Amino acid sequence: MKINDLSLYSKFAFRDLIRSYSKILSIIITLLISLFILSAILTIEDSLENELNENSKVLLGGDLEIDYNNREGDSNLIKQIENISTVSQVVEFSTMISTIEKKPNKTSFTRIKAIDQNYPLYGDVIFEPVGSLKKLNEIDNTILVNENIFKNLNLKINDIVKVQNKKFKVIGVVKVLPDIGGAFVFGDFALTGKKTLDKLELNTLGSFLNYEYKIKFDDYKNKDKKINEIKKIFKNNDKVKIQYPENSAGGIKRIIDNFSQFLSLVSISAMLIAGIGIANTLLSFINQKNSSIAVQKAIGINSGNIKTIYYLQLLFSLIFISLVAYGLSFFLVPVVDKYISDGLGLNIEASFSLTNLFIVFVVGLLVIIIFSIPTVNSIDQIKASSLFRNVFQSLQFKYSKLSISLSLLLLTILVSLFASRSSIPTYSLIYFASFFICLAVFFYVSRFIILLLRKNLLNLGISSKIAIKNITQSKSITPITVMSLGLGMTLLLTLAFVGSNFKREIAKSIPEIAPDYFFLGIQNNQKNLFKKIIIDSDKEAVMEIVPMVSAGLVKINGIDPNTYISDSNDSYWVIMNDRRVSWVNTIPKDNPILEGSWWDTSKPNKLQISLDSKVAKDFGVNIGDKFTLRIYGREIEGEVVNFRLVNYQDLSINFAMLLNPQFAENIPHEYLSTIKFKNIKSFNEVNFLDKFPSVSIIKISDYLSKVTDVLNKVFIAVSILSAVTVIIGLVVISSAIIVQGKIKIFQNLVFKILGFSKKEIIMSSIIEFIISFLSIIFFSTIFAVLASKFIIENIFQLKWLFEINIFFYVTIGVGVVTLALIIITNFRYLSPKVYPLVRNE
Amino acid sequence: MNYTIDNNSINILKNISFEVDYKETISIVGESGSGKTSLIMLIGGLEKISAGNIFFKDSEISNMTEDEISEIRRKNIGIVFQSFYLIPNYTALENVSLSLEINKLDNATQKAKEILDRFGLSNRFNNLPSQLSGGEQQRVAIARSVVMKPELILADEPTGNLDSENTENISNLLFNYIKDENASLIMVTHDNNLANLTKRKITIKDGVISENQ
Ligand SMILES: Nc1ncnc2c1ncn2[C@@H]1O[C@H](COP(=O)(O)OP(=O)(O)O)[C@@H](O)[C@H]1O
Ligand SMILES: [Mg+2]
């Protein structure tokens, strides 16, 4: 087609669209909703990633970070760096803060940062009152606590709190820290000065200490040269890890990535359901235009050009819809910003991205083309000669080999587009495969219902007969209802089942298996006293106490794993920094061995390692591989002898690596303990801390409530999004009913003439709905059960149960809404006027 | 030429053969069901014949593709239907200028206005078909079919849906136009008065030509 032809047909298309967009309103609405969701996901993901990237130095706290782990940095080397850059030393440690002059006194588990005058190198600390940050390094034993501690411990400025054995004065409140790239996401935190730290006797803190040296180049132009110099300085020092800004927020990025991956799959589902409606609405639209198209043919416009006009109308609508959907997504960013900034301290801003707009447009285009090919092709069936006979056949979808292969090709492109953007393409592909299987099943279910009912097996009342007639007629909306609602329902039920199972398992672990407290940092010589104190406060307390030492996994079979395992690996945390390891004589009862054998006691002088089976799989480790662990700066080589199934969710003591006790007992170590009290009130945290100032207490319920809070937010967001698929399904159904309206009017008129009451006609609508809906429930429940069971048991490794309440909430909820919608949409066809029909209008 | 449907099981037109001269006007008459409409459709290239040939000037339309026939129809053949068939959401003016626009002629609107003016519809340019009377609709439809100045006009009972006053009106308009613009006309009609206005009259009976004078 020539360019000036195209501009001519564009003009026609534009004119037609302006005049008849109301007839394709349901297409516009469903596309708008689903493209809006996609836009929102892309925009929010982008804004978050921009924030993380732009602030990567802020998140890291410098141009570079030298991580010395739990040893103080070598002052010689640090001096050398100071010659070429500004250095800020940050020491982090976890400990308890407790009040001493309140009634009652309270305690809180806190991560404290001890900072020097140079902190922060990048970004800002937000705190109150003015000047208090500076005072930390001027006045000893001063502390800034975060808002949460301030509130929970009922503090006032200048109150005295106790950290370890020392008294500290609270001189202010810190609200936001810039360098949250690490572990500060959910926990409580506080700031103190470097000199104060030197006065604390931290040697007992062992594994909880972390020394970091943040570096800022004064002259950023020579950055690469200086990075190389620094690398050279630490070349022979493998105890040190150099961190770069690019990796500063790896963990958060991964969460965002996975989450947005999942949401974009939901949005594409919504779009595919919308596609069913697009095909149907478009067919009725073209049917209404039947005579106009015939006239166009009679005037001498060929079929291909007429089709072009219709494709152009869709294209113009899509351009408009994409722009609006993308534009609207910007309004969602402030909402999300509010939602996440509390937790993460990030502030996101929407930024325009041509790529994202393009993706939104292309996805919309693919969906439209896929679903409009058989419809627009039906234009070929229209004959100009009908104009002589005044009869217009109603059009059917027209499938040809070419159009089917084109649709399949485009569908493949669409699927690959989503799969390629995903970090785990297999998951996306499995998702798409299940989606299309469901679609096919629901299609055949609708066919089957029709076939079965045609057999007229039952002898029913008149309303039922009408209903059956409606379901089985050739223009029946049953297939559309069953497919669109079935898919939406399946998705909603699956997510509801996953969410409820997940929440139940987490909730269940609090009172039952989960202990009340974790105790960290019990010294070797305190172990017996610790036991006694616990037993004294509650004789029936259940205590688990295990030795523990901090170890870094520095080599696997002689090679530094950091060189070949990327931070996108699920088990990256095992090599990210030092892990706590333990040892036991017998196999832990909830950690069954999957491969290999338990300790070989004939080799007491050899280090043997038992590894989490998931880590082994993620790292590609085999039984017999050699691990080099660095413990207290000394490298020890050991052999992996077995893989254990570890379930971290159960909140008892779990370790990725266990060592053989015969070997490990000689390593200086401390103890970790979990306690489940019979009567939790009998334990007094404050008294306990008087006796064990260096021991840290984590109250599980506090920790869990934070986790559940986050989970709840996620669950709500996911439910809202998946409900959208049902909403789109409903729009599709109601538009199908409207499309069917003419037939309905005629039918209801005939009923009226035959003397049926409105009640009987409504009853028949309800029966029609119930027959379709029951089969939808039946099949979507089967799919949802299979899918959610797979996700809960295999991905989360939790126990799955059929949540009957959730089942009823979702099915009854959706059922009531759908039925209401069907009755409302049908209502206007209930009182047909006899007159226009008699006149054959 | 022959026309059969349903795989030759129904013979609608048999051994039909006639020529139309340049500027000639022909009426086709016959009983209902005799095959008049079928004949018009075949001449306009809207259906395919089953045997024989149809020529338009020197080109054989009976073996052209749909698109090629479209091209010929677009420039050279105007069709008028009994039931008018205007595009419902286009105004009178737009219905007429559509033909000009697809042929990419300049001043399409101007030319369409002129022809509507000539047919006495100058105050109806911006009305939709639903806002026009039957006679007005048919005048717009004729304006649409002649606006390209086609060499051949086909009409199937153009006055069949109109009262006698409008019939007269329309027939005057059509025959005046044909005289002024030198077009050929093939018109199916029941109306003897109308048929008498044409130079030649072909009568069809049961799918064959029974009279040709
Ligand atoms: N699509 C068709 N299927 C079956 N019969 C047809 C079809 N089209 C036309 N006919 C038959 O062909 C004959 C001629 O029809 P038509 O050309 O419309 O006659 P006329 O216009 O003279 O009334 C009629 O008997 C009619 O029933
Ligand atoms: Mg006829």
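Reader: Is A:I430 buried, exposed or partly exposed, and what is its relative accessible area?
Author: Keep in mind that this is a predicted model. Buried would need under 20% and exposed over 50%. A:I430 falls in between, so it counts as partly exposed, with a relative accessible area of 47%.

Reader: Which helix does A:I430 lie in?
Author: A:I430 belongs to a nonpolar patch on the surface, along with A:I424, A:Y427, A:F790 and A:I795. Two elements give two or more residues to that patch, α15 (425-454) and α25 (758-795) of chain A. For A:I430, the helix is α15 of chain A.

Reader: Which chains surround ligand 1?
Author: Have a look at the residues around ligand 1: they include A:R389, B:E31, B:K36 and B:T37. Helix α1 (residues 36-43) of chain B gives the largest share of that shell, three residues. Still, the site is shared between chains, because the residues around ligand 1 come from chains A and B.

Reader: How much of ligand 1 does the protein bury?
Author: Start with some contacts. A polar side-chain atom of A:R389 sits 2.4 Å from an oxygen atom of ligand 1, and a backbone N or O atom of B:K36 is 2.8 Å from an oxygen atom of ligand 1. On its own, ligand 1 exposes 560 Å², and the share of that buried by the protein is 62%.

Reader: How many residues apart in sequence are the parts tied together by A:R504 and A:E803?
Author: These two form a salt bridge, with their closest N and O atoms 2.7 Å apart. A:R504 lies in helix α17 (residues 478-509) of chain A, while A:E803 is in the loop between α25 and α26 (804-827) of chain A, so the pair ties together parts whose separation in sequence is 299 residues.

Reader: Is A:E803 buried or exposed?
Author: The cut-off for buried is under 20% relative accessible area. A:E803 has 17% relative accessibility, so A:E803 counts as buried.

Reader: What separates A:D536 and A:K532 along their helix?
Author: Their side chains meet in a salt bridge (3.0 Å, N to O). A:D536 counts as exposed at 56% relative accessibility, whereas A:K532 is partly exposed at 49%. Both sit in helix α18 (residues 527-537) of chain A, four residues apart, so what separates them is about one helical turn.

Methods:
Residues numbered from 1 in each chain as written. Chains lettered and ligands numbered in written order. Predicted model: local features only at pLDDT ≥ 70, side-chain atom pairs only at ≥ 80, totals over all residues. Heavy atoms only, no water. Near = heavy atom within 4 Å. Polar contact = N/O pair within 3.5 Å; in protein donor to acceptor, adjacent residues only side chain to side chain. Areas by Shrake-Rupley, 256 points an atom, 1.4 Å probe, with all protein chains shown as cover. Patch = residues over 30% accessible without salt bridge, like charges linked within 9 Å, V, L, I, M, F, W, Y side chains within 5 Å. Salt bridge = Lys/Arg side-chain N within 4 Å of Asp/Glu carboxyl O. Buried < 20%, exposed > 50% of the residue type's maximum accessible area, 1.4 Å probe, protein only.
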